[in-house]
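Biologist: Could you take me through some side-chain geometry once the model is in view?

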Amino acid sequence: GGFIAGALTRRFKENGFTNIRAVDIKPIDQWYQVVEGVESVPDCDLQIKENCYKVCEGAVEIYNLAADMGGMGFIENNKARCMLSVLINTHMLMAAKDVGKVERYFYASSACAYNTTLQQDPNCSALKEEDAYPAMAEDGYGWEKLFSERMCRHYREDYGIETRVARFHNVYGPYGTWDGGREKAPAALCRKVIIAKDSGSNEMEIWGDGEQSRSFMYIDDCLKGIDMITHSDVLEPLNLGSSELVTINRLADIAEEAGGTKLKRDYKLDAPKGVRGRNSDNTKIMELLGWEPSIPLTEGMAKTYAWIDRQSEDRKAGKQKVSCRTKGRRKICGRIDLGSYA
Ligand code: GDC
């Protein structure tokens, strides 16, 4: 039901796979995408062990992308909540071992697992997989990711569960969170440009001084990477991110270009900023899989901007997102208009 898992579900469905079960804690009308022909299980809290056992019944492949998370504004202010996602991966692994016939278990880790002392400069060198240790992960969220990565490793070593782990670097794209407090910088900046144009304020707020750096991975690259990593024999966590490093100021330029405008910038220096610089070193993924995320930021941002612009228009027009009906004990839901679903 979330951004990445929703898109992954659609990809698998469109590639002809059947027997797909999508699970989320959110009620169905809050799912990012509802894919027709897929068994959708809403209102299902995967922190609860019994629920994991139920949804893993018969599973051959498990993709754990469930987490209480968000962009910097959320993770800096909700460290305990972020760490509670440890219950999800723990119970999912237990279920995978006990009830599934699991051939592959994918875990979505994050660049936040890396040692933060190596990320204190906007021009710092790109992070290699071995830079996670000695450990000094991003407080709260990052430590949970690091711990859960290790749990995957030990479930593989001790119980033979074929776990695969990717460390995502800031994923963005259509159908992602674009407002409400959990959004990341790409969507937030698109939204701010749209609002500034709409309201005529001609100004946008940027957290920090805008010189902090990141790389951003477009959703399609992320999905391809998940598929490749899951079905590879790469046992250790692998970077899954773009190596196109930009400052947040450059990201804001790109959002403005997508909106065909130029705004005055209001730098909010006391806002959540996270690390000063972060990039993905893709040497290993190139070496092992012969591929790396490569969709240019300008291309992905143009698509993301256009989608957020439509959501914003639809919201103003009061359009509905998902329609549901009940058939026996099952709830069947479908999109009214895929392009309109926020
Ligand atoms: O939120 P995020 O995209 O996450 O922020 C990137 C940078 O952009 C931060 O320095 C932030 O201060 C700046 N920024 C400027 N304006 C704004 O309006 C804004 N909104 C947001 N959100 N940021 C703004 C993320 C984590 C993820 C995840 C990835 C992995 O950290 O939040 O959960 O796992 O990293 O790479 P970011 O890149 O710090």
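This is a predicted model: local features need pLDDT of at least 70, side-chain atom pairs count only at pLDDT 80 or more; totals for chains, interfaces and linings use all residues.

Modeller: Residues are numbered from 1 along each chain as its sequence is written, and side-chain values use heavy atoms, with hydrogens and water left out.

Biologist: How many aromatic pairs does a search of the whole structure find?

Modeller: Rings of Phe, Tyr and Trp (its six-membered ring) pair if their centres lie within 6.5 Å, with planes under 30 degrees apart counted as stacked, over 60 as edge-to-face and the rest as tilted. Searched in this way, the whole structure gives 7 aromatic pairs.

Biologist: What is the angle between the planes of tyrosine 175 and tryptophan 307?

Modeller: Tyrosine 175 and tryptophan 307 are both buried, a word that stands for under 20% relative accessible area with a 1.4 Å probe and protein chains only. Their rings lie 5.3 Å apart, centre to centre, and the pair is tilted, with the planes at 45 degrees.

Biologist: Why is asparagine 239 classed as buried rather than exposed?

Modeller: Exposed would require over 50% relative accessible area, with partly exposed in between. Asparagine 239 counts as buried because its relative accessible area is 1%.

Biologist: Which backbone oxygen does the side chain of asparagine 239 reach at 3.0 Å?

Modeller: The side chain of asparagine 239 also approaches the side chain of tyrosine 114, at 2.7 Å. The backbone oxygen reached at 3.0 Å belongs to aspartate 281.

Technical notes: A polar contact is a pair of N or O atoms within 3.5 Å; within protein, one must be able to donate a hydrogen and the other to accept it, and residues adjacent in sequence count only if both atoms are side-chain atoms.
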